[in-house]
Amino acid sequence: MSSRYQKHRLIALFCVIGFTLSLWLGQLSSTNLQVQIGEVATAQNSNPSQLVQKGIDSYRLGNFQQAIDLWNEALKFYKNNQNPVSEAIVRENLARAYPQIGQTEAAITNWEQVISLYRKLQSTQHREEKIARATTELAQVYSSIGQPKKAIAFLCNPEENENNEDKKKQNNNNKNCTKNSVLQFARDNIKDTNLEVAILGTLGDAYRLTGTDDYEKAIYYLESGLKKAKEKEKKNPVYFTSLNNSLGNAYLQKALLKSCFESSRKL
């Protein structure tokens, strides 16, 4: 076996190990800008509301399975009594709790149900905003289980631009997100900057986790999220920590990929 071939294999091995490690570390610090657990569903009968509150207390103590059991009990009541608003709220809490015990499929199912419930409601206050928030958190779950491209599709719908060369060449503010995307909706219709920051951070993480050469897009979205977060009068330190960690990982992975490519060319 030639010395040159051995060097090729060694460089390839180091690149794979380094790249995999950077992705793994990135997963640990990925943007997780979720809505806080704590909204209590209300009804004329106080029992389900009490179950919801007990579930919240259990969740805050780290008793996730107990919280899930309590919320599922409350969910039965709201479903049987056709209370879709309260059902959606309880499902939101369930969707955030299931990943804590490793049940991401259950989380995805509940987020899909939340989105479906809100879409059926005609007169609910902030209906579209709630759909956008749920879609963002659903995208975060998909990124966490290794499906970042699905997360991108939920938030940006880039596939609708794939066959349009003119749009590809445009250096617009949305980086090829469609007009009906969740990102564009948040920018045009929602005053709450936190949601736009969450969407930008989630998109940046998703592009970073694709494991391809989409680091420029990842950096663009993460830096846009940081810029937007700085515009807020009351700055959220959690947002800055999460976005900065993800941005640092994006630059690290980009540099590692470039270094591996240049090293392989020299041999």
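## A question to start with

In which hand of crossing does helix 4 pass helix 5? Helix 4 goes by helix 5 in a left-handed crossing. Keep in mind that what you are looking at is a predicted model.

## The chain as a whole

Let's step back for a moment. Of its 267 residues, 43% count as buried.

What about the outside? The chain exposes about 14800 Å², and carbon and sulfur atoms supply 49% of that area. As for how the chain comes back to itself, take the contacts with a separation of 6 or more: 58% of them are between residues 24 or more positions apart.

## Helix 4 and helix 5

Back to the pair we began with. Helix 4 covers residues 84–97 and helix 5 covers residues 104–120. Their axes are 8 Å apart, and the packing angle is about 155°. Angles over 145 degrees count as roughly antiparallel, and helix 4 and helix 5 are therefore roughly antiparallel to each other.

Who actually touches whom? On the helix 4 side, the residues in the contact include Pro 84, Ala 88, Ile 89, Arg 91 and Leu 94. On the helix 5 side, they include Ala 107, Trp 111, Val 114, Leu 117 and Tyr 118. Sorted by class, this contact has 10 nonpolar, two polar and four charged residues.

Is Gln 82 buried or exposed? With a relative accessible area of 70%, Gln 82 is exposed.

## Helix 9 and its neighbours

Helix 9 spans residues 182–189, and its buried residues are Val 182, Leu 183, Gln 184 and Ala 186. Which helices do they pack against? The buried residues of helix 9 pack against helix 6 (127–144), helix 7 (148–156), helix 10 (193–209) and helix 11 (215–231).

## Lys 228 in helix 11

One last stop is Lys 228, a residue of helix 11. Lys 228 is partly exposed, with a relative accessible area of 21%. Leaving aside neighbours within four places in sequence, Lys 228 is in contact with Thr 193, Glu 196 and Val 197. Take Glu 196: it is 32 residues from Lys 228 in sequence, while the two are 8.0 Å apart in space, C-alpha to C-alpha.

Notes
Residues are numbered from 1 along each chain as its sequence is written. This is a predicted model: local features need pLDDT of at least 70, side-chain atom pairs count only at pLDDT 80 or more; totals for chains, interfaces and linings use all residues. Side-chain values use heavy atoms; hydrogens and water are left out. Buried means under 20% relative accessible area, exposed over 50%, partly exposed in between (1.4 Å probe, protein chains only). Contact means heavy atoms within 4.5 Å. Accessible areas come from the Shrake-Rupley method with a 1.4 Å probe; for residues, only the protein chains shown count as cover. Axes are lines fitted to C-alpha atoms, for helices over the stretch in contact, and angles run from 0 to 180 degrees between N-to-C directions. Helices (H or I, at least four residues) and strands (E, at least two) are DSSP runs, numbered from the N terminus. Angles under 35 degrees count as roughly parallel, over 145 as roughly antiparallel, 65 to 115 as roughly perpendicular and the rest as oblique. A crossing is left-handed if the near helix is turned anticlockwise from the far one by less than a right angle, and right-handed if clockwise. Ala, Val, Leu, Ile, Met, Phe, Trp, Tyr, Cys and Pro count as nonpolar, Asp, Glu, Lys and Arg as charged, and the others, Gly among them, as polar.
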